[in-house]
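Please examine the sequence and the model below before reading the notes.

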Amino acid sequence: METIIDLRLQKKLYRMIISQLKLDGYHRVALELIRSLDISSDVGPSSELLDMLTEHDNKTSQQLQLASSISSPGVGLQFKKEVNSSDVCVIYEEKGSAPNTGECSCATFSKDGLLAAVGCQDGSIRVYDVPASLKVEKDTTTNTMLCKMMDMCAPVEAMAFHPDGQILVAGSSLGLSVYDLTSNIEPKTNIRHLEDPYQVNALQFHPSGMYLAVATMHPHFRMYDTKLWNCFTFADDTNQHTAPVTAVQYNHSGSLLATACKAGVVKIWDVVECVCLNSIEDNFVGAACTSLMFSSSDDYLLVGGMGSLSLLLDMTTVSHFFQRSPGSVMSRYIPHAPTIESQCGACFGADETSVAACTAVPGEVQLWHAQSVRFSTPFLNVGSLLLESIQVNVKFSNTQDVLSELTYYID
């Protein structure tokens, strides 16, 4: 029965294509198709196919605009608000650790903060229950792992949870693997593999869950439609990066996409119009940008780069795109021992009064006050290996500012 329905739909599609060709004046091409496909010659000119595509395009734009309008970013970091940096005290406690079969290469939290995924150099992935992990006593052997994936044949370079928490996408040098976390298969295997000739460096879902932005070693970032998993990129070729893309980040409303590359350039894209709105250059003097994070109000963009340098860009000036004004640098977070080779993965603390970033010292994380840029002594040390990035799970911070925190590192 399905085959019969497919044939009928296929026949209808062919007729619609021929009708559109006739309407556009391509009668010779239409006649060739009629002969080749053995279709009745009584097909008249019609715009039905174009109308369907136009309607679909309009619905997609409306869904994106709706996702932007219903999002309600928090107040977060506000430079106009007077804050006494000496009153800011953030305490980070190690809540536990989990053994892995290989060196950890990447990690991420789900949007609701309930899940944490850790990817390893041996291609394995493990998903953990965060609330259960916080209840477990330190140094105990209690296993809070929910599931694992062992089918990737290359080191896991990046991961992202779908906003609903039911899908996990992992990237490697072989492309993307899509996992359904609701399946009963254990260990889980990918439900779809999307090949890419370039190594995946970073990825993030649009807040609506409709699209996935992917950064690879190619200068053009990729976009995937999460319904059919079709790959595309923006048609604005003249404003694409000229070096491998290292980071992608949607703002909380989903209206903008920030991308960064190895040449130290940050670009801001309009997601609905699919055009580049601004290109922010020269802040890292040609060194690579390695991380991006919007504040909860979408007013500021935190950029981490090589040399352990982090910058806070004012997005309220970047948004004046018609003047092509550059993003003004509000703050520079410089570590106590910077080196040009050290990579910085920067992030905001839970209430955005602080900025945390990796430094050039193995196992060390530095903390700054976001507005005064006053830095404290290194507040966290997780071992003798060089940290690559850090994330803070803001969903499980309590009134004493004790945050559950997940770091991953490389040799």
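Arg-35 and Glu-32 both belong to helix α2 (residues 27-37), where 3 residues, or about one turn of the helix, separate them. Helices (H or I, at least four residues) and strands (E, at least two) are DSSP runs, numbered from the N terminus. The model is a predicted one: local features need pLDDT of at least 70, side-chain atom pairs count only at pLDDT 80 or more, and totals for chains, interfaces and linings use all residues. Residues are numbered from 1 along each chain as its sequence is written, and side-chain values use heavy atoms, with hydrogens and water left out.

**Salt bridges**

- Side chains of opposite charge can pair when their charged atoms come close.
- A salt bridge is a side-chain nitrogen of Lys or Arg within 4 Å of a carboxyl oxygen of Asp or Glu, and by this rule the count is 2 salt bridges.
- Arg-35 and Glu-32 form a salt bridge, with 3.2 Å between the closest N and O atoms.
- Relative accessible area sorts residues into buried (under 20%), exposed (over 50%) and partly exposed (in between), using a 1.4 Å probe and protein chains only.
- Arg-35 is exposed at 58% relative accessibility, while Glu-32, at 42%, is partly exposed.
- Asp-196 and Arg-222 also meet through their side chains in a salt bridge, at 2.8 Å from N to O.
- Asp-196 is in the loop between β9 (192-195) and β10 (200-205), and Arg-222 is in strand β12 (residues 222-225), so this pair ties together parts that are 26 residues apart in sequence.
- Asp-196 counts as buried at 9% relative accessibility, and Arg-222 counts as buried at 12%.

**The protein chain as a whole**

- The protein chain contains 5 helices and 27 strands.
- Of the 411 residues in the protein chain, 48% are buried.
- A contact means heavy atoms within 4.5 Å; among contacts in the protein chain between residues at least 6 apart in sequence, 51% join residues at least 24 apart.
- The protein chain has an accessible surface of about 20,200 Å², and carbon and sulfur atoms account for 53% of this surface.
- Accessible areas come from the Shrake-Rupley method with a 1.4 Å probe; for residues, only the protein chains shown count as cover.

- Strands of a sheet pair through backbone hydrogen bonds, either parallel or antiparallel.
- Two strands pair if DSSP finds at least two bridges between them.
- Strand β4 (residues 125-129) and β5 run antiparallel and are joined by 4 bridges.
- Arg-126 stands opposite Lys-148 in β5.

**Two buried serines**

- Ser-295 lies in the loop between β18 (289-294) and β19 (300-305), and Ser-295 is buried, with a relative accessible area of 0%.
- Leaving aside residues up to four places away in sequence, Ser-295 touches His-252, Tyr-300, Phe-348 and Glu-352.
- Ser-310 is placed in strand β20 (residues 310-314) and is buried, with a relative accessible area of 0%.
- Ser-310 and Gly-345 are 35 residues apart along the chain, and their C-alpha atoms are separated by 8.4 Å.
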